[in-house]
Amino acid sequence: MTISRGAAVSNEAVAMPRKSRGPWALAFAKLKRNRAAMASLAIFLLILIACLSAPLYARWAGVDPFSSTLDAVIQIDGAEVPVMEQSTEGLGLGYTPLGPTWRLGNYFLGADSQGRDVMARLLYGGLNSLFIAGAATIFTLIFGTSAGLVAGYFGGVTDTILSRFLDVLWAFPIYLLAISLSIVMIAQGITIGPITIESGSLWLPVIIIGIVYVPYVARPIRGQVLSLRNSEFVLAAINLGVPGSRILWRDILPNITTTLIVFVPLMMALNMLTESALSFLSIGVQPPDASWGTIIQDGQALLYTRPIVALAPGIAIAISVMALNVFGDGLRDALDPRSKVQLGRD
Amino acid sequence: MKKLLLAASAATLLAGIGLAPAQAEYIKEHRGGTIRLLARSAAGTLDPHINYTDQGWQMYQPVYDGLVAFRKAEGMDGFTIVPDLAEALPEVSNDGKTFTFKLRKGIKFSNGQDLTVKDVVASFQRIFKVSGPTSGTFYAGIVGADKCLADTKSCTLEGGVVVDEAASTVTLNIAKPDAEFLYKLALPHAVTLPADTPAEDMGSKPIPSTGAYMISAFDPNKGMTVSRNPHFKQWSEEAQPDGYPDVVQYDYGLSEEAGVTAIQNGEADWMFDALPSDRLVELGTKFKDQLHISPLSAWWYAPLNTRLAPFDNEKARQAVAFAVDRSTLVKLFGGKVLASPVCQVLPPDFPGHEDYCPFTKNPGAKWSAPDLDKAKQLVEESGTKGQKVTIIVEDTAVSRSIGVYLQSVLTSIGYVADVKPISTNIQFTYIQNTNNKVQMSVSQWYKDYPAASDFLNILFGCASFREGSDASINISGFCDKDIDAKMQKALDLGVTDQVAADKMWAEIDKQITDKAPAVGLFTPKRLDFVSKRVGNFKFNRQFNWMITQSWVQ
């Protein structure tokens with residue numbers, strides 16, 4: 001069967017020369033056929049769009065998700081309902097925040113312990129979480145790729161120094177390293193040359209998370225570069241006297257692009273989890289700013305009465321991370337050279 | 001009027017007569033069993049000369065004794081000083097600089113050793129040898145203390161603590177009269193330990209004790225077992241009464257949520273940590289008979305750094321004091337049952353306290369509402385509008401929520417504010433150190449002993465401010481020479497006329513409040529949740545619930 005089909009294709013090619021599909025087109029075609037990956041991408045994009053609409057939602061709902069509104073009163077079915085309800089029975093101890101109203105624009109997910117609209121904070125929190133995860137991914141890819149390229153291509157002392165430095169970074173438990181960096185940076189901010197990053201800036205968690213994951217990218221990239229460094233086309237370029245920087249930029253980098261693309265969703269998922277964990281520990285996003293991690297932390301004190309405050313961002317993180325991971329797997333399958341061979345046989 | 005007085009006296013007498021046999025009955029009937037306590041973690045070192053925590057001090061009460069003690073009584077009576085290891089309160093001579101105590105006979109440590117005057121002198125030396133946290137403050141007035149502070153290892157307190165073994169007397173000499181000296185002697189940092197106790201932090205190793213109980217086992221990760229001291233014979237019910245339970249089992253590691261559930265289910269009898277806020281409604285309705293609300297001599301406040309912009313400007317500080325809505329803060333703490341709004345430094349019912357609130361809508365005795373217009377006007381006048389302010393808070397639910405609220409208040413009156421929660425373990429020292437340039441923070445102060453100076457002089461005295469030190473308890477960096485001199489006068493006056501001194505402290509309280517080096521937020525109350533089987537709950541204003549005075553059977 002295979003032979004006759006192959007023969008048919010061959011005859012057709014001879015009869016009518018066909019424009020051959022490039023590797024990117026093949027990969028995209030393969031990705032499109034992966035329904036789970038495409039569904040995950042759609043889910044992730046929906047979450048992204050929802051989070052991007054956070055300022056619009058807050059304006060529409062008429063709420064300020066960053067200010068305490070303990071005395072606020074809202075209207076539900078014509079009745080006035082306090083956002084924070086004081087206990088009137090027994091000893092009259094404690095306040096309970098409003099529960100979910102399930103009405104968009106009117107405390108859909110209820111209020112937190114400061115009387116703030118949880119839905120608005122969830123959207124703003126998602127915006128911050130996604131921004132940090134995305135920016136940290138770019139940071140990690142730039143520095144990890146640079147380190148991997150330089151170490152793998154130049155070898156020798158350069159490789160030894162860079163690799164040992166990455167080993168040291170790798171040897172630290174990720175969260176311990178992130179917490180140590182956070183405690184130093186979050187309290188005082190940092191100044192690198194002319195650039196000063198204020199202590200409350202979202203760029204701080206970006207840098208912290210970006211730094212701790214550099215070895216995760218640099219090591220596999222270095223391995224790939226080591227192998228490419230000894231390939232015939234690179235050796236030929238070297239013998240022709242092409243400068244190293246040009247070889248790295250023109251010959252090696254394009255050959256590791258697929259690996260880098262696969263890293264993007266997977267690193268984003270990892271960075272989202274790390275950001276949430278750091279913010280949960282109060283060393284990521286600083287109040288009154290929100291991230292999904294800080295909202296979980298706020299909700300921790302309400303687990304008994306208003307579990308939705310912690311559950312909602314938890315679910316959002318789980319869905320986003322799962323979507324990114326499934327999409328990342330699909331992307332890897334699509335960009336895998338072995339997959340391309342299979343795709344060509346079809 | 002006379003009849004009424006006679007009737008009152010008779011009632012008091014009858015109550016007094018009636019109390020003794022009733023208590024004897026109670027002891028018989030309820031004596032025994034194990035009372036089970038919970039805390040998220042241990043209170044640090046077991047060493048009473050070093051431990052400086054509420055949790056530790058509470059547990060030391062039935063365990064250790066000093067020459068004098070705070071009376072083991074309910075409420076404000078707990079602020080009274082009574083003789084403990086000493087037969088009577090000291091004879092004071094030499095213009096209030098010499099205190100002579102006669103030691104009781106027949107008292108033994110839990111290891112069977114007799115208590116002697118040697119143990120007393122060795123214990124005073126040990127306060128300095130282990131560099132106790134209050135050795136440089138509370139006990140620095142003892143003659144010879146300066147040498148001990150300079151060279152801790154060879155501390156002898158020569159001339160400061162003099163003993164007469166034959167007469168069993170201990171004489172303490174202090175450099176200048178101190179009206180609060182007996183309070184300081186009644187604190188756990190001055191308890192008497194066996195003379196051969198190593199002069200180092202004993203950490204997890206229990207030290208033999210003279211009290212009704214002894215620490216028989218301790219694992220900082222698991223718990224502490226406190227059992228009856230086999231050599232204890234009650235010598236003073238008001239200083240060291242016998243207790244009801246045979247064993248106090250203090251377990252560590254359970255979260256506050258789990259602790260509440262354990263008490264509800266009768267698996268534990270009490271928890272040290274604050275009750276989680278989302279359980280308050282449930283506890284206040286379904287378990288109200290098991291809750292005890294008690295007033296505390298404490299202050300939640302927001303220190304404003306008077307040496308850094310914008311709060312180096314008095315008007316900027318007053319603006320914040322006017323803007324803060326104390327009723328919101330009370331809500332964040334759990335409601336008005338658990339806290340009361342305040343403007344001033346000294347807590348209600350405290351010596352020197354006179355109601356005063358200049359930072360409210362209608363200035364007077366009590367806070368009524370924030371005055372945002374006035375606050376905004378003061379910010380304008382101060383020329384500090386638009387400046388950046390960072391608020392440093394503890395990483396706890398309540399402290400964080402207060403920080404977030406204060407951030408929104410500062411923003412509303414024209415500052416660019418942010419809030420930074422940092423680990424509870426380091427926040428207190430972090431905000432004290434001037435190198436960290438903290439502009440504003442949220443902190444709490446719980447009295448060491450019932451004297452106005454313990455709030456005013458300690459928190460706002462010039463001597464309490466130390467540049468670049470983690471132990472600069474004057475967090476605001478406030479130093480007003482005139483007020484400082486007045487505080488010194490009040491301290492001196494207290495030696496001869498405490499009532500007049502307290503009047504003076506009331507004036508000082510008002511003067512400091514006016515200058516707003518800190519914003520008074522609220523006075524908290526203590527909420528204790530006990531199991532159904534706990535009886536005879538008694539709350540002492542000095543050291544909180546008297547654990548062993550309650551019974552469990």
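Student: Which residues does B:Ser408 touch, not counting residues up to four places away in sequence?

Tutor: Welcome! One thing to keep in mind as we go is that this is a predicted model. To read a contact, look for heavy atoms that come within 4.5 Å. Here B:Ser408 touches A:Ser67 and A:Ser68, leaving aside residues up to four places away in sequence.

Student: Where does B:Ser408 lie, and does it count as buried or exposed?

Tutor: You will find B:Ser408 in helix 11 of chain B. Buried means under 20% relative accessible area. B:Ser408 has a relative accessibility of 13%, so it counts as buried. For a sense of distance, compare it with B:Glu87, which is 321 residues apart from B:Ser408 along the chain. The C-alpha atoms of these two residues are separated by 57 Å.

Student: Which residues lie nearest the centre of the largest cavity?

Tutor: They are A:Ser113, A:Gln114, B:Leu332, B:Ala397 and B:Ser401, out of 29 residues in the lining. Several elements each supply at least two lining residues: from chain A, strand 4 (95-97) and helix 12 (292-300), and from chain B, helix 9 (326-333) and helix 11 (397-412). Helix 11 of chain B gives the largest share, five residues. Sorted by class, the lining has 14 nonpolar, eight polar and seven charged residues.

Student: And what lines the second largest cavity?

Tutor: Its lining has 13 residues, and those nearest the centre are B:Gln61, B:Pro62, B:Lys72, B:Met546 and B:Thr548. By class, this lining divides into six nonpolar, six polar and one charged.

Student: Now a helix. Which residues of helix 10 of chain B are buried?

Tutor: Helix 10 spans residues 372-382 of chain B, and its buried residues are B:Ala375, B:Leu378, B:Val379 and B:Ser382. Just after helix 10 of chain B comes B:Gly383, with a positive phi of about 70°.

Student: How many aromatic pairs are there over all chains?

Tutor: To find a pair, look for ring centres within 6.5 Å of each other. A search of the whole structure gives 35 aromatic pairs. One of them joins B:Phe322 and B:Phe359, with 5.3 Å from centre to centre and 85° between the planes, an edge-to-face arrangement. This pair links distant parts of the chain, 37 residues apart: B:Phe322 is in helix 8 of chain B, while B:Phe359 is in the loop between strand 14 (339-341) and helix 10 of chain B. Both B:Phe322 and B:Phe359 are buried.

Student: Which aromatic residues form a cluster?

Tutor: One aromatic cluster is made up of B:Tyr52, B:Trp57, B:Phe70, B:Phe138, B:Tyr139, B:Tyr183, B:Tyr449 and B:Phe543.

Student: What about the backbone? Where is there a cis peptide bond?

Tutor: Look at the omega angle. A cis peptide bond joins A:Pro287 and A:Pro288, with omega about 10°. A:Pro288 sits in the loop between helix 11 (244-280) and helix 12 of chain A. Another cis peptide bond joins B:Ala309 and B:Pro310, where omega is about 0°. B:Pro310 belongs to the loop between strand 13 (298-303) and helix 8 of chain B.

Student: Which residue other than glycine has a positive phi near 65°?

Tutor: That is B:Asp349, in the loop between strand 14 and helix 10 of chain B. At 48% relative accessibility, B:Asp349 counts as partly exposed. B:Ala516 also has a positive phi, about 50°, and is not a glycine. The place to look for B:Ala516 is the loop between helix 15 (498-515) and strand 19 (518-529) of chain B. B:Ala516 has a relative accessible area of 0%, so it is buried.

How values were computed: Residues are numbered from 1 along each chain as its sequence is written. Chains are lettered from A and ligands numbered from 1 in the order in which they are written. This is a predicted model: local features need pLDDT of at least 70, side-chain atom pairs count only at pLDDT 80 or more; totals for chains, interfaces and linings use all residues. Side-chain values use heavy atoms; hydrogens and water are left out. On a 1 Å grid over the protein atoms alone, a cavity is a set of points where a 1.4 Å probe fits but cannot get out, and a pocket is an open set with protein on both sides within 12 Å along at least five of seven lines; lining residues have an atom within 4 Å of a point. Helices (H or I, at least four residues) and strands (E, at least two) are DSSP runs, numbered from the N terminus. Ala, Val, Leu, Ile, Met, Phe, Trp, Tyr, Cys and Pro count as nonpolar, Asp, Glu, Lys and Arg as charged, and the others, Gly among them, as polar. Buried means under 20% relative accessible area, exposed over 50%, partly exposed in between (1.4 Å probe, protein chains only). Rings of Phe, Tyr and Trp (its six-membered ring) pair if their centres lie within 6.5 Å; planes under 30 degrees apart count as stacked, over 60 as edge-to-face and the rest as tilted.
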